[in-house]
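Let's take a walk through this structure together. Have a look at it first, and then we'll go from a pair of helices to a few loops.

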Amino acid sequence: MTFEVPEHIRPLRDQVYEFITELVEPAEDELHAGDAASRAKLAELQAEAKRRGLWALGHPKDIGGGGLPFLDYVYINEVQGRSEYGQLALGTWTLQDSIMLNLHASPRWREKYLAPMVNGEISPSFAMTEPGIAGSDPTGLQTSAVLDGDEWVINGRKWFTTGAGIAAYTTVMCRTEPDAPAHSAFSMIIVPTDNPGYRLVRDTPVLGMESGHYEVEYDNVRVPAENLLGERGNGFVIAQERLGPGRIFHAMRWLGQAQRAFDLMCNRLTSRVAFGEPLADKQLMQQHVFESYTEIQASRLLTLKAAEAIDRGDQARVEIAAIKVHGARMLHNVIDRAVQVYGAEGITDDTPLSRMYREARFARLYDGPDEVHISTVGRRVLKEYRAGGNWEFGLR
């Protein structure tokens, strides 16, 4: 594969870049407010994305999306990720949920939710982690669902259910098979958010920002048996199916954020004067450029390598785990250097860096903390050597 943007996807990528940099980034301060005016602004951006033919590009055609092949969409994600609102403005934030619903939901729920979701008329949410339970070990989850006649009865509490405040439904990971082995004990169940017993407890503040990551209580929530996604006990299989490609998309969006921070840093270095000369002439400042350049480039190559493996049907467990850790660390480091170059201004909201920095720290936790992915890489590589083989990088 080529690590440059392929010629056939470059014109579309350029259009997305223009949309993000000229329309979305300038609107961020307004969008941060989370009020009626910001919702109206987001709706305006979404309508413009549809008008330009940039809506839901990665969704399969058969469910109403743009139908971009996986690898092509990876390159789009790289520029879409420059803004935290890129996914919302371009209608791609529902991709994983749309595919999950299409593959595993009953005909009733596909008919009710799928088309409106792809069109941006409703939002989904996904509930897995729980307060007081180690997120690194989801086999300890306690939210339960018991089949009572033709209904599931759900009890428990979830948190970091992103978007629950505006979602039409939540896909909930529940313990349904208490006597089964740990990884076969859980199922996923669709719960409409207007269901009795579904209660928003709070919007959990994250590093001082209320960002729509909700804590939700499930108090004897009753839903029809047909709300089960896939087979009983198949929750972890569906979760992995969802999270694997999702981590690729995260990593490419992080590259977009890193590129933006790199641009801000380099423009600052070439325009700011200190002690009678441009900051760009200071060797320590040049080192910031070097370190960021090498980390971004390394992360980009690792991510594209993982994407290629996924595209050819490989589960790519080692590659995905590696980019999850390396990409999140890279993002933090690059933004941190940009903040340092900006000085005191970099920690104010006069630049986008303050918010980007806080979001970057969160990246080392969601979709699995660093430690879990590091262990996965080490264990799987060493398994090859224990079996008498090796890990020949040039052949992998």
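Which residues in α6 meet which residues in α8? On the α6 side there are L95, Q96, D97, M100, L103 and H104, and they meet I238, E241, R242, L243, G246 and F249 in α8. Contact here means heavy atoms within 4.5 Å. By class, the contact of α6 with α8 has six nonpolar, three polar and three charged residues.

Before going further, a word on the model: it is predicted, so local features need pLDDT of at least 70 and side-chain atom pairs count only at pLDDT 80 or more, while totals for chains, interfaces and linings use all residues. Residues are numbered from 1 along each chain as its sequence is written, and side-chain values use heavy atoms, with hydrogens and water left out.

Back to our helices: the axes of α6 (residues 95-104) and α8 (residues 235-271) come within 10 Å and cross at roughly 150°. That makes α6 roughly antiparallel to α8 (the word covers angles over 145 degrees).

Now for the loops. A56 lies between α3 (36-51) and α4 (70-80), and has a positive phi of about 50° although it is not a glycine. With 0% relative accessibility, A56 counts as buried (under 20% relative accessible area, whereas exposed means over 50%, with a 1.4 Å probe and protein chains only).

F275, in the loop between β9 (273-274) and β10 (277-278), also isn't a glycine, yet has a positive phi of about 55°. At 80% relative accessibility, F275 counts as exposed.

Definitions and conventions
Axes fitted to C-alpha atoms, helices over the stretch in contact; angles between N-to-C directions. Helix = DSSP H or I, 4+ residues; strand = E, 2+ residues; numbered from the N terminus. Parallel < 35°, antiparallel > 145°, perpendicular 65-115°, else oblique. Nonpolar A, V, L, I, M, F, W, Y, C, P; charged D, E, K, R; others polar.
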